[in-house]
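Here is a short note to read alongside the model. Keep the sequence and the 3D view open as you go through the points.

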Amino acid sequence: KELFFEAGGLNILMTHIGGYPPKYNANSLPLIDRYKPDIFVCGHSHILKVVYDQQRKMLAINPGAAGNYGFHKAITMLKFDIVDKTPKNMDVFHQER
């Protein structure tokens, strides 16, 4: 249901339904508080969004929707590097369906 791992020296937490700062999903908030990720990746809304949460000092990322099924009108994805424990060079892939 959730995945917690390290990449490039950063702690990453991934889950399906997560929410955004400051309105996180009730199931996600305890995970965020327990794992204290540097990057929180979630989905469900099919809306690409990247927000820095000042209170929790983490980057909240929703990459959007990559599949051909669903209500979304565009396929979106994010790609970025981790350099010196910092996300850099974030690129957005966007293609209308």
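1. **The buried side of the helix.** In α1, the residues S28, L31 and I32 are buried. Buried means under 20% relative accessible area, exposed means over 50%, and partly exposed is in between (1.4 Å probe, protein chains only). The three cover an arc of only 100 degrees around the axis, which puts them on the same side of α1. That arc is taken from the directions that run from the helix axis to the C-beta atoms.

2. **Ground rules.** This is a predicted model, where local features need pLDDT of at least 70, side-chain atom pairs count only at pLDDT 80 or more, and totals for chains, interfaces and linings use all residues. Residues are numbered from 1 along each chain as its sequence is written, and side-chain values use heavy atoms, with hydrogens and water left out. Helices (H or I, at least four residues) and strands (E, at least two) are DSSP runs, numbered from the N terminus.

3. **What covers the helix.** The cover over the buried residues of α1 includes β1, β2, β4 (23-24), β5 and β7. Contact here means heavy atoms within 4.5 Å. α1 lies across β1, β2, β5 (39-43) and β7. Its direction is at about 170 degrees to β2. Axes are lines fitted to C-alpha atoms, for helices over the stretch in contact, and angles run from 0 to 180 degrees between N-to-C directions. After α1 comes K36, with a positive phi near 50 degrees.

4. **The sheet.** In which order do the five strands of the open sheet stand? The order is β1-β2-β5-β7-β6, and the pairing is mixed. Two strands pair if DSSP finds at least two bridges between them. β1 (2-7) and β6 stand at the edges with a single partner strand each, so one side of each is left without a neighbour in the sheet. On average, neighbouring strands of this sheet are turned by 20 degrees against each other, direction ignored.

5. **Pairing, strand by strand.** β1 and β2 (residues 10-17) run antiparallel and are joined by six bridges. Look for E2, which stands opposite T15 in β2. β2 and β5 run parallel, with four bridges. There, I12 has I39 of β5 as its bridge partner. β5 and β7 also run parallel, joined by three bridges. I39 has L59 as its bridge partner in β7.

6. **Salt bridges.** A search of the whole structure finds two. A salt bridge is a side-chain nitrogen of Lys or Arg within 4 Å of a carboxyl oxygen of Asp or Glu. One joins D33 and R56 (3.5 Å, N to O). D33 lies in helix α1 (residues 28-35) and R56 in the loop between β6 (49-53) and β7 (58-62), so the pair ties together parts that are 23 residues apart in sequence. R56 also meets D53 in a salt bridge (3.7 Å, N to O).

7. **Exposure of the charged residues.** D53 is buried, at 4% relative accessibility. Salt bridges that share partners join D33, D53 and R56 into one network. D33 is partly exposed, with a relative accessible area of 38%. R56 is partly exposed too, at 24%.
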